[in-house]
Amino acid sequence: MPSATVNKPRPSELLSRLTSAEPEVKVRALREVKNQIIGNRTKKLSFLKLGAVPAVAGILADSIDDVAENNNCNNTNNFLVQSAAALGSFACGFDAGVQAVLDAGAFPNLLRLLANPNEKVVDAVARALRMIYQSKLAPKYDFLQQKNMEFLISLLNSEKETVSGLGASIITRSCETNLEQKALFDAGILRRLNSLLEGGSLSQRDASLESLATVFRNNPEVISKFAGPEIGRPLSSIIDLAKDRYPRTRLLACMCLIVIRNASPHFLQDIGIKTKLIHILLELLDDPGQVGDEAPFAFSSLIAQKEDLQKLALEANAIDKFHHHIKKGSLHPRRYEGILLALADMCSKLESCRFKFLSLQVLNLVADALTDYNAGVRAAACICLKSVTRSIKNLSAGYFMNETIVIPLVQLFLDPSTSVQVAALGATSNIVVDFTTRKSIFVQCGGMKQLVQLAKSMESSVRSNALWALKNFVFQADNRLKEGVFSELTASLLSSLIRDPEPSVQEQALALVRNLVDGCINLIEFVFAEDGLILGAIGRQLQCASKAEIGIQGMYALCNVASGNEFHREAVMQLLFTQMGDKNQSFVVKFLQSNDSQLRTATVWTIVNLTCPSSPGAPCRLEKLRNAGIVSQIKNMVNDPCVDVKLRVRTVLGQSMAFGDN
Amino acid sequence: MPVRVTESSTPSQVSGTNSGDTSPPACTLLSVGQFYLQTFSGTQNVSSLQKEEAWRVNVRIQGCDLEHGYLCGTMEALNVPMADTPVVTFWEGEIVDTKNYTFYTGKWEASPEDDKRHWTKFPSFSPLLSQVEVDGGKSLDLSNYPYIFMRWKEQYFVNVGTDCGLTIAGFYYVCFSCSDGSISGFYYDPNSSPFQKLELKSTNEGRSGYSFSSYELQ
């Protein structure tokens with residue numbers, strides 16, 4: 001049967017009612033605003049645009065003044081409850097709302113109202129503040145100040161669930177440093193959080209688990225105190241909660257245990273607990289809501305960088321499970337991203353995991369994710385590819401160099417998001433290593449030219465990753481491909497990249513030169529193009545190398561040049577002696593004295609090539625090296641702690657003896 | 001490198017575990033940190049009672065993961081009589097680092113006796129023999145030893161089918177000299193001629209010095 005529609009008042013109309021002189025009208029308007037915006041982002045936004053938050057915050061402030069003037073009555077409390085509830089609704093899960101509440105100056109008023117004698121007021125205010133403290137925009141609460149710490153303790157000790165929950169939320173959002181973590185421990189807060197774990201309500205337990213994880217993060221000292229006999233058996237309560245009937249509690253307990261294990265690996269060593277955590281997190285993937293979305297991230301933090309856990313997860317069929325979820329399709333972007341990152345962590349170290357991944361043909365699904373509309377998903381797909389393509393066995397078989405993967409990957413080089421670009425370049429760096437004859441596929445897809453363009457990017461991370469990919473691309477490539485890369489890059493661009501302000505770019509540019517001039521002897525001519533622009537840049541960069549890695553790549557580039565003919569060796573010699581630093585000393589001596597054994601090795605190899613007995617100019621070069629103190633430095637290195645250096649030093653000394661040196 | 005099938009098999013015995021001590025040194029001629037990969041060329045003696053024969057061989061190291069004692073690459077046999085083109089195989093290697101792998105193979109039909117019989121063919125192995133007999137070499141400190149011992153096992157044919165009449169069932173005992181980059185090896189397959197010797201030297205591709213390229217996985 002048709003019935004009459006009850007028209008809800010429009011936002012603008014409600015807003016004018018908020019300024020009504022009639023208390024009844026005003027309270028009803030507040031209630032109506034709150035009801036309209038609950039769980040409705042669109043409504044929140046339209047009220048926000050109309051300036052509803054300052055109006056509500058104004059009512060709250062006026063009511064506080066009324067309390068101060070002892071105009072206490074039911075109306076005032078009603079205003080306080082309704083305005084606080086409305087502000088809380090604006091802030092709930094909506095950062096723009098939180099910002100508006102903070103901008104309207106309501107935050108300090110809400111805090112002050114926690115001391116109000118009326119229970120309903122305190123409850124509404126605590127709820128509103130919790131909403132605010134669920135956002136990253138919430139102001140940091142400085143509990144290093146004694147009075148603030150006392151206030152925090154009073155919140156946690158409150159009988160009211162909302163108030164103690166607020167205390168826990170404040171900790172979760174505000175505790176950042178080791179000093180703050182320790183201060184909370186010293187103030188006895190962990191004992192209180194633990195009692196909330198054991199005897200609190202569902203929401204208190206969850207809030208407490210989150211706070212504990214915050215206080216434990218990267219702080220083994222606090223963890224060992226917490227897990228010690230002083231507090232009882234707190235770890236067992238958390239372990240028990242990992243088996244709780246509520247999925248969110250299980251997730252939070254797992255996250256707390258993972259934080260403990262990651263900070264203090266000697267805790268939770270028991271294989272049973274590790275396996276249990278893996279199984280719980282995999283089961284939580286089946287939760288259709290936020291818990292299921294967050295579960296893969298928790299899983300990643302559990303297994304990242306830990307081969308033993310990756311092995312256990314493989315045995316628990318984690319890859320099959322993730323595969324199953326991606327295959328189902330229509331995933332929430334957060335969950336999609338999390339699963340791809342979890343797969344990336346699974347395949348980051350173990351070949352057995354990569355084998356499983358490839359045999360289940362997860363690769364095709366990851367290739368699809370490269371074109372997803374969500375930037376987080378695209379970046380995660382690239383990171384996943386990056387992990388899987390660490391399989392040298394499959395790189396050797398040319399398994400990854402195919403158009404299904406390479407075309408979408410190259411398209412991501414122009415992605416508007418820098419993190420996607422960098423992730424795509426990371427995966428590309430591995431794929432282009434390819435040992436088969438399929439590198440030309442990458443050129444045909446336009447990948448090589450794009451990489452050269454990206455080497456000119458304004459973002460240094462993009463420049464260095466593009467150069468990294470080019471370095472791997474020209475590794476053991478044929479002459480034609482190397483010439484193609486060089487003509488696209490040009491000597492002037494390459495020399496300016498060697499002199500880039502960013503050290504990571506300098507390092508990759510030098511490594512690229514090193515690979516370009518390896519192989520056929522004619523390729524050495526690259527460094528002599530445009531009047532030796534590149535060689536000059538290498539010399540200048542080596543003179544002022546800011547880190548060992550730059551020296552290593554630069555010296556190997558010179559070593560490769562010096563493996564050519566007499567002209568090449570003489571050019572290297574000239575470079576070593578024209579680029580003199582402080583005390584008129586060649587950088588060669590500095591590198592030979594370096595603490596980095598790889599830098600010493602690269603430098604000695606260059607000297608091996610320069611003094612090669614079969615070359616006619618070797619005695620003359622040896623004489624110059626001797627005069628510059630380089631030979632005597634090498635003699636001092638006969639017992640170098642690094643075997644590789646020691647063996648090359650012996651080669652140099654053997655060669656020098658062939659020319660009559662003792 | 002693939003070989004022809006000849007003799008009958010001998011029984012195998014399993015031994016060897018993973019744990020131990022100090023790994024062999026990093027060596028530029030083989031690899032270090034990042035992958036400075038080298039190429040090697042030489043011969044494999046495949047002589048039988050009937051015929052003296054050696055196949056030319058090129059080896060290219062493609063990857064190395066010292067943490068897991070892993071090495072891999074390709075092996076190209078150039079003048080294989082029954083093949084029209086050079087035959088390329090992909091192999092994976094175990095580095096005897098006393099942590100991931102010991103001198104005892106423990107698989108591939110190689111008994112500890114087979115292991116010792118092959119390792120002792122390398123003169124550089126003799127100082128290690130007595131300790132290897134005690135515990136497979138688990139307690140040896142190889143960090144300053146200028147030789148690296150490995151096993152290379154071919155996994156698949158890269159450019160020919162499995163019906164090419166060749167087998168890659170066996171594996172190589174390998175000794176690498178860090179000083180000059182030379183490689184010696186002995187092929188072991190109970191079904192093939194015993195002690196087929198592999199001899200390789202580091203190649204410089206027409207240069208009069210050493211040149212090193214590298215790739216780095218992300």
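In the predicted model, helix α29(A) passes helix α30(A) in a left-handed crossing. The contact is formed on one side by Met448(A), Leu451(A) and Leu454(A) of α29(A), and on the other by Val462(A), Ala466(A), Ala469(A), Leu470(A) and Phe473(A) of α30(A). Eight of the residues in this contact are nonpolar, while none is polar and none is charged. Two packed helices are described by the angle between their axes and the distance between the axes. For α29, which spans residues 447-454 of chain A, and α30, which spans residues 460-474 of chain A, the axes come within 8 Å and cross at roughly 145°.

A second pair of helices in chain A was examined in the same terms. The axes of α12 (residues 189-199) and α13 (residues 202-216) of chain A come within 8 Å, with a crossing angle of roughly 145°. The crossing of α12(A) and α13(A) is left-handed. From α12(A), Leu190(A), Leu193(A), Leu196(A) and Leu197(A) take part, and they meet Gln204(A), Arg205(A), Ser208(A), Leu209(A), Ser211(A), Leu212(A) and Val215(A) in α13(A). The contact of α12(A) with α13(A) comprises seven nonpolar residues, three polar residues and one charged residue.

Attention then turns to the nonpolar core. The largest such core has 272 residues, and those with the most contacts inside it are Val56(A), Val101(A), Leu340(A) and Leu343(A). When its neighbours within four places in sequence are left aside, Val101(A) is in contact with Val53(A), Ala57(A), Leu87(A), Phe90(A), Ala91(A), Ala106(A), Phe107(A) and Ile132(A).

Definitions and conventions
Residues are numbered from 1 along each chain as its sequence is written. Chains are lettered from A and ligands numbered from 1 in the order in which they are written. This is a predicted model: local features need pLDDT of at least 70, side-chain atom pairs count only at pLDDT 80 or more; totals for chains, interfaces and linings use all residues. Axes are lines fitted to C-alpha atoms, for helices over the stretch in contact, and angles run from 0 to 180 degrees between N-to-C directions. Helices (H or I, at least four residues) and strands (E, at least two) are DSSP runs, numbered from the N terminus. A crossing is left-handed if the near helix is turned anticlockwise from the far one by less than a right angle, and right-handed if clockwise. Two residues are in contact if their C-beta atoms, placed from the backbone, lie within 7 Å. Ala, Val, Leu, Ile, Met, Phe, Trp, Tyr, Cys and Pro count as nonpolar, Asp, Glu, Lys and Arg as charged, and the others, Gly among them, as polar. A nonpolar core is a set of buried Ala, Val, Leu, Ile, Met, Phe, Trp, Tyr and Cys residues joined through C-beta atoms within 7 Å. A residue is buried if 20 or more other C-beta atoms lie within 10 Å of its own, exposed if 12 or fewer, and partly exposed in between; C-beta atoms are placed from the backbone.
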